[in-house]
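Reader: I am new to this structure and would like to learn how to read it, feature by feature. Could you take me through it slowly?

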Amino acid sequence: MSVAIVGAGPGDPELITVRGLARLRECEVLVYDRLVAEELLDEAPSDALRIARDDFKQEDVNKLLVMHGRNGRRVVRLKGGDPFVFGRGGEEVLALADAGVPFELVPGVSSIAAVPESVGIPVTHRGVSSSVTAFAANDVEGLDAAALARVPGTLVAFMGGAVVDRLAERLIEHGRPAGTPAAVISCGTTDREQVVTAPLGAIGAAARDLPTPALVVIGDVVAVREALGFADFEALRTVRRSAA
Ligand SMILES: C[S@@+](CC[C@H](N)C(=O)[O-])C[C@H]1O[C@@H](n2cnc3c(N)ncnc32)[C@H](O)[C@@H]1O
């Protein structure tokens, strides 16, 4: 395979897959996302050509992949989380397929479940929630808030950290109870991880200053964290981290 589209996982470098790491260790060209852990970039051979994706528009990234793939180089396109979850992996694959360049898809651990899990929130939990609705919240005014307010189960908002106050406001306006448990998790699975939980009506103010990337989780599953004793576990984990 000449171009491997590889999911790097949610942030902790140990959460890449075995296959993803193998592709990375043998690549000649590495095109990587900003969210990818630096430790993973160090896994590529020292003489591999490293290209930061954020310096290019998407169409130019597609062209880069096609160009290096056509030249027969072993290319890794390393993307945060899973390439097909709000990752534009499909666009890159389409460009490669259109150009007749062989590619391989290596799935990654998406933040959709891994980031809530790392702070003790199961996105589904028997008797609490049996469905998950994931959406991109960056265009918060463009969201169908009426539908999102009505949908049962857990809501997971990507790219919503900066607009969580407005998102909460819109959901409440459309009927989600202000007391619904909510959480914002910043830099999940990394040593910069922070989590704030609050009722939906208060989450905007509580999570205002959290750094990106951040994932917003809304629903009764957030309260399961307390039931699992995770708040105490988090305190222990913080102590362990600062001792390390
Ligand atoms: C462009 S999307 C990429 C998602 C990625 N493909 C995945 O599967 O996780 C970026 C958004 O994912 C979420 N995200 C990714 N990694 C995260 C992390 N470690 N902690 C919190 N949120 C994260 C944030 O909402 C962020 O704005």
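Predicted model: local features only at pLDDT ≥ 70, side-chain atom pairs only at ≥ 80, totals over all residues.

Reader: How many helices and strands does the protein have?

Author: Helices (H or I, at least four residues) and strands (E, at least two) are DSSP runs, numbered from the N terminus. The protein has 10 helices and 10 strands. Its radius of gyration, 19 Å, is close to the 18 Å that the globule rule gives for 244 residues, so the protein is as compact as a globular protein of that length; the radius is taken over C-alpha atoms, and the rule is 2.2 Å times the number of residues to the power 0.38. Along the principal axes, the C-alpha trace spans about 55 × 45 × 30 Å.

Reader: What share of the residues in the protein is buried?

Author: A residue is buried if 20 or more other C-beta atoms lie within 10 Å of its own, exposed if 12 or fewer, and partly exposed in between, with C-beta atoms placed from the backbone. Buried residues make up 43% of the 244 residues. Contacts are another thing to look at: two residues are in contact if their C-beta atoms, placed from the backbone, lie within 7 Å. Among contacts between residues at least 6 apart in sequence, 69% join residues at least 24 apart.

Reader: Which residues cover the two faces of strand S2?

Author: In a regular strand the side chains alternate between the two faces of the sheet. In strand S2 (residues 29–32), Val29 and Val31 lie on one side and Leu30 and Tyr32 on the other, and all of these are buried. Two strands pair if DSSP finds at least two bridges between them. S2 pairs in the parallel sense over 4 bridges with strand S3 (residues 49–52), where isoleucine 51 is the bridge partner of valine 31. S2 also pairs in the parallel sense over 4 bridges with strand S4 (residues 75–79), in which leucine 78 stands opposite tyrosine 32.

Reader: Into which domains is the protein divided?

Author: Domain bounds come from an automatic or database domain assignment, and here they give domain 1 (3–106) and domain 2 (111–243). The C-alpha centres of the two domains lie 29 Å apart, and the contact takes 8 residues from domain 1 and 11 residues from domain 2. On the side of domain 1 that touches domain 2, the residues divide into 5 nonpolar, 2 polar and 1 charged. For these classes, Ala, Val, Leu, Ile, Met, Phe, Trp, Tyr, Cys and Pro count as nonpolar, Asp, Glu, Lys and Arg as charged, and the others, Gly among them, as polar.

Reader: Why does the shell around the ligand lie between the domains?

Author: A residue is near a molecule if its C-beta atom, placed from the backbone, lies within 6 Å of it. Domain 1 and domain 2 both give residues to the shell around the ligand, so it lies between them. Of the 22 residues around the ligand, Gly81, Gly87, Ser110, Ser111 and Gly188 come nearest. Helix H5 (111–118) and strand S10 (214–218) each supply at least two residues of this shell, which by class has 12 nonpolar, 9 polar and 1 charged residues.

How values were computed
Residues numbered from 1 in each chain as written.
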